[in-house]
Amino acid sequence: MTEQFDFPVASAADPAARRDEVVAQVREHAGEIARELALLQGGDYGERTFETDDGEWTVKYEAGDLQYLRFDGGRTDTYVVSTKQPPDPEALDAALEDYDAFVAAFNRHVRSLDGVLDDAPTEFPDVASTESVVAQRERILGRIRDVANEMSHQLYRYEGGDYGSFAARVAGDRWELKWEGGEASYLRVGGEGGIYLLSQYQPPSAPDVRNLAEHVPAFVEAFNEYVDDLDASLDGVSL
């Protein structure tokens, strides 16, 4: 019975070795194209497709290194070079018949950019400084933070605990002072999604500071009324 399976099996070692040799040569050559393309397009990664009479070639690169070279001949795609499995030898052979046309298409693309920036301007207007705006904003916010910290300190003395908040409605908006350890954590206007007049992160815009700063005294007055009400609640108590 075993005689019927006694047939010689051809070795694929030689064709596979030749394919790997060819792919390595293409990888080295196409890798140069990938590096030039990365310089031209900028960025750490990208891709570009080049058309020939027989199909399309796509070069993908990352950090200037070739990730893959794909040939689309219309019916099937052949990954001539990739980080995964090697191509079929017959598909590789068919694709490489168009490789010279691909290189020519890349070279034409590069040459088409010669002189494209010759008339580009190299002199530009002076850039206005934000120094004075930032300084004024910081001065106003610094004063607001001083007031908010004093309010936080008084709340900390009265309520105890490590953190808390005080809220009041001013000019139709909800103002909330969040404090922690006797210092202001944030001052937010408008509830969730509102404007953080004070925070541990980025400062508000100059227009927001301008629009809200004039209402800070009213917020402080609301706080003072709150404290007065607390004081009045103990009137008449004697021991």
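**Surface and interior positions in the predicted model**

Leu117 lies in the loop between helix H3 (99–111) and H4, where helices (H or I, at least four residues) and strands (E, at least two) are DSSP runs numbered from the N terminus. The structure is a predicted model, in which local features need pLDDT of at least 70 and side-chain atom pairs count only at pLDDT 80 or more, while totals for chains, interfaces and linings use all residues. Residues are numbered from 1 along each chain as its sequence is written, and side-chain values use heavy atoms, with hydrogens and water left out.

Leu117 is exposed, with a relative accessible area of 65% (buried, under 20%; exposed, over 50%; partly exposed, in between; 1.4 Å probe, protein chains only). Together with Leu40, Val110, Leu113 and Val116, Leu117 forms a nonpolar surface patch with about 430 Å² of accessible area. Such patches are made of residues with over 30% relative accessible area and no salt bridge, nonpolar side chains (Val, Leu, Ile, Met, Phe, Trp, Tyr) being joined within 5 Å and like charges within 9 Å; a salt bridge is a side-chain nitrogen of Lys or Arg within 4 Å of a carboxyl oxygen of Asp or Glu. Accessible areas come from the Shrake-Rupley method with a 1.4 Å probe, and for residues only the protein chains shown count as cover.

Ser82, in the loop between strand S4 (77–81) and helix H2 (89–96), is buried, with a relative accessible area of 15%. Leaving aside neighbours within four places in sequence, Ser82 is in contact (heavy atoms within 4.5 Å) with Arg27, Gln67 and Tyr68.
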